[in-house]
Amino acid sequence: MTEIEIGRLLRSGTTGFVIGCRVNQLEAPSFGALVRVPLESDYQVFGLIYDIQIEDDGLVRQLITAQDVPEEVLRDNRENRNVPVEIGVLALGYQHGERIFHLLPPRPPLSLDAIYLCTPAEIVRFTGIGRFGYFRHILRDRNKPVEELLAAHLMAARSAHEESGNADWYTQALQELITLMRDDYQGLINVLSAASDI
Amino acid sequence: MMSEQRENNSQNPSGPIGYIVGGGLKANLQARLSVPAQSVQEGAFVVVESGGWLFYGLVTDLQLGSTDPRFADEQTETRLPAQLAGLLHGQTLFTNLEIMTALMMERGPEPGSPEYDAWFQKVMDEQVHPEPVKTVPQHHAEVRLADAGDIAEIFGKEGEKGFFRIGNTIEGGHPVCVNLDKLVQRSSGIFGATGTGKSFLTRVILAGLIKRDKTAVLIFDMHNEYGPDDTASDTGFRVPGLRGKFPAKVRMVGLGAGASIRGNNPDFTLEIAEADITPDDVLMLSQELNLRETTATTLEALRTSFGYDRWFHAFKHMQVNVFEQDEESGKRVPAEGSVADWAEGAGVHPSAAEALHSKLRRLFNAPYIVEKPASNALQQMIENLDNGQHVVLSFGKHETDLDYLFVSNLLTRRIREVWERRTNAFRSGHQGAAEPRPLVIVVEEAHKLLNREMASQTTFSTIAREMRKYYVTLLIIDQRPSQIYDEVMSQLGTRVTGWLGDADDIQAVLTGLAGRDSLRGMLARLQPKEEVLMLGWGVPMPILVRSRRYDDAFWEELQGKSTQRSEREILDELGF
């Protein structure tokens with residue numbers, strides 16, 4: 001499968017990073033998608049898209065207040081705007097050599113590193129290793145829309161696992177989530193409510 | 001995963017049903033159930049495997065719990081899809097088992113390992129055996145239902161060394177045995193409210209004892225139900241009596257000349273000689289005859305006047321309210337041979353003596369008390385018991401409490417004296433003195449003989465307390481254990497109890513036992529029929545048992561299938 005580059009790194013830290021991309025690249029990434037940032041030949045960082053921000057700029061403000069803006073001007077502004085779309089990514093783990101770790105990456109990616117959308121096979125590989133250790137990174141920051149993020153991730157990952165013949169993954173993932181969240185009644189019910197909409 | 005595990009476990013009876021999550025020695029252990037709650041019941045016999053030890057215990061309670069009360073309060077199954085709700089409930093709602101551990105045993109090395117042979121030899125030499133629990137299993141130790149091997153390890157294997165199957169475990173149907181040789185070493189009790197199967201269970205145990213043939217059994221059969229064939233009051237089925245099943249071993253004795261027991265002639269009849277009755281025998285009837293406090297004095301005067309052998313006869317034949325004219329004074333005085341006349345001469349108040357005479361009239365009129373019995377039936381009974389036979393004394397038509405109290409008490413006193421004498425002779429090493437054959441005296445309606453007022457006086461309480469050393473023990477059968485004197489209850493080695501409705505009765509059965517708080521609820525919730533709780537000294541640990549049915553299958557197992565039917569059975573089948 002061909003690699004889908006979705007942008008380049010704007011800024012990063014140990015727990016996550018922000019990608020910048022053009023508007024015409026925005027069809028590929030989606031909320032809850034798993035991405036990877038290859039850093040060296042045997043090291044790449046994995047993350048989950050939790051936020052997509054489209055910032056305004058001066059020209060957009062002018063155009064919004066203007067009347068009868070021609071269609072080609074709107075399209076030109078969208079496609080050739082100077083301000084990138086910002087995509088927030090939560091660091092979930094990394095791969096070193098052949099091993100995958102659900103631990104925070106030892107070094108964050110550097111500016112302008114290319115970010116790729118994970119293929120179903122890569123999703124299966126990253127999420128199928130171990131006992132869902134990456135869930136704790138998602139659950140850590142309750143300021144993020146955790147319930148929706150998990151629901152979106154579960155939907156994508158379930159599809160990938162089912163295609164690879166592992167129909168139990170989804171059940172096991174839900175069980176692990178229930179175990180991790182059973183002391184947080186409201187949070188767990190929110191997650192399960194979101195999951196029930198999948 | 002959890003639901004799959006549950007499915008697997010419910011299909012595999014020897015698989016784990018849960019794991020230990022807490023508890024202690026004083027409080028019971030707590031285990032988290034990993035199978036549906038309905039697959040385990042209160043009273044289930046479970047094994048906890050921890051390290052090199054096996055812990056054996058009883059489930060005494062099941063409690064519903066939740067990781068957060070809101071998971072239990074909210075009906076999430078109405079909000080979530082079934083799969084999600086199922087997963088959520090599997091992890092947040094749970095059932096905890098309360099386990100009362102009683103015994104622990106070293107598990108030993110794995111078979112095939114180098115140490116196994118040495119350990120197996122220790123087991124064969126009985127150096128390794130279950131011992132009272134002294135420690136606790138580890139957290140998360142697996143709990144499983146006991147299998148037949150575990151039950152046999154604790155309660156013995158049927159047919160070996162006097163082990164007799166008394167029933168099966170409720171949950172697994174595994175055989176549960178009782179050691180008959182141990183059972184008879186101390187007095188025992190069978191309790192249960194009316195209609196719970198006490199009589200059937202007693203028949204089963206008695207049949208086992210008779211078959212085992214190590215003990216003599218004397219049964220005071222107040223309602224004529226153990227010796228002759230009977231008909232079950234609830235089902236209407238024929239219930240074989242012990243006499244019919246062990247014709248060579250069981251002697252049926254009827255009370256009084258010409259006694260007939262359910263239309264059958266007894267092997268011999270028992271008449272009591274007036275000379276055999278002592279003042280103490282009468283005193284024991286104080287409650288039944290409503291005797292006054294002066295009775296003891298009057299009886300002592302009678303004994304002094306006429307001697308041990310003649311007092312009853314003499315008193316019986318005295319007249320009451322007979323007067324004559326005194327020749328010298330011309331006054332009206334009690335006639336010679338009257339009670340008052342004797343009383344005046346003996347220094348007893350005449351009205352006290354006359355009142356006693358009046359109250360003893362029921363004894364004077366008892367047809368089985370005669371001056372000179374036709375045969376020495378009492379001696380014959382003792383000989384029968386000595387010769388490996390068992391005696392069922394049927395009261396026939398003499399079914400009043402007075403008959404029962406008087407005869408059973410008098411006989412037991414005499415038999416006790418004989419056994420005490422023989423034991424002393426045997427212990428002191430007299431030449432030719434054989435070891436007495438252990439004797440079990442079966443007493444129905446025991447509270448009449450062993451209640452608080454009577455217990456200090458009757459021979460039975462002495463037997464319950466002390467006669468173990470003299471090879472005599474009691475098997476008491478009663479529906480109101482709370483009416484039995486505490487001191488006697490506390491001496492009972494083995495207690496087998498069916499359902500009891502009264503809290504006092506439940507309390508009484510559990511007197512002096514460890515873990516009675518846990519067992520109390522279990523006892524109150526026994527099935528009304530066939531379920532019994534066995535506990536006490538005679539069993540290694542308390543256990544809930546579905547008692548063996550007293551039916552044709554029981555007899556076939558006990559005696560082997562009979563190819564020859566009795567005449568009676570053939571006639572029954574033909575409708576005669």
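Helix axes here are lines fitted to C-alpha atoms, over the stretch in contact, and angles run from 0 to 180 degrees between N-to-C directions. Helices (H or I, at least four residues) and strands (E, at least two) are DSSP runs, numbered from the N terminus. The model is predicted, so local features need pLDDT of at least 70 and side-chain atom pairs count only at pLDDT 80 or more, while totals for chains, interfaces and linings use all residues. Residues are numbered from 1 along each chain as its sequence is written, chains are lettered from A and ligands numbered from 1 in the order in which they are written, and side-chain values use heavy atoms, with hydrogens and water left out.

In chain A, helix α3 (residues 120-128) packs against helix α5 (residues 146-163) at about 105°, the axes lying 9 Å apart. That angle makes α3(A) roughly perpendicular to α5(A), a label given to angles of 65 to 115 degrees. On the α3(A) side, Pro120(A), Ile123(A), Val124(A), Thr127(A) and Gly128(A) do the touching, and they meet His153(A), Ala157(A), Ala160(A) and His161(A) of α5(A); contact means heavy atoms within 4.5 Å. By class, five of these residues are nonpolar, four are polar and none is charged. Ala, Val, Leu, Ile, Met, Phe, Trp, Tyr, Cys and Pro count as nonpolar, Asp, Glu, Lys and Arg as charged, and the others, Gly among them, as polar.

Chain B has a crossing of its own: α11 (residues 295-306) and α14 (residues 350-359) pack at about 90°, with axes 10 Å apart. So α11(B) is roughly perpendicular to α14(B). Here Thr295(B), Thr298(B) and Leu299(B) meet Ala352(B), Ala353(B) and Leu356(B), a set of four nonpolar, two polar and no charged residues.

Where the chains come together, 17 residues of chain B are in contact with 14 of chain A. The pair buries about 1600 Å², 63% of it on carbon and sulfur atoms; this is the accessible area (1.4 Å probe) lost on being put together, summed over both. Four residue pairs, both members at pLDDT 80 or more, are in polar contact. On the chain B side, α2 (69-73) and α3 (82-92) each supply at least two residues, and α3(B) gives the most, with six.

In one salt bridge, Arg36(A) meets Glu3(A) at 2.7 Å, N to O. Arg36(A) sits in strand β3 (residues 34-40) and Glu3(A) in the segment before β1 (4-12), so the pair ties together parts 33 residues apart in sequence.

Definitions and conventions. Buried area = accessible area lost by both parts, 1.4 Å probe. Polar contact = N/O pair within 3.5 Å; in protein donor to acceptor, adjacent residues only side chain to side chain. Parallel < 35°, antiparallel > 145°, perpendicular 65-115°, else oblique. Salt bridge = Lys/Arg side-chain N within 4 Å of Asp/Glu carboxyl O.
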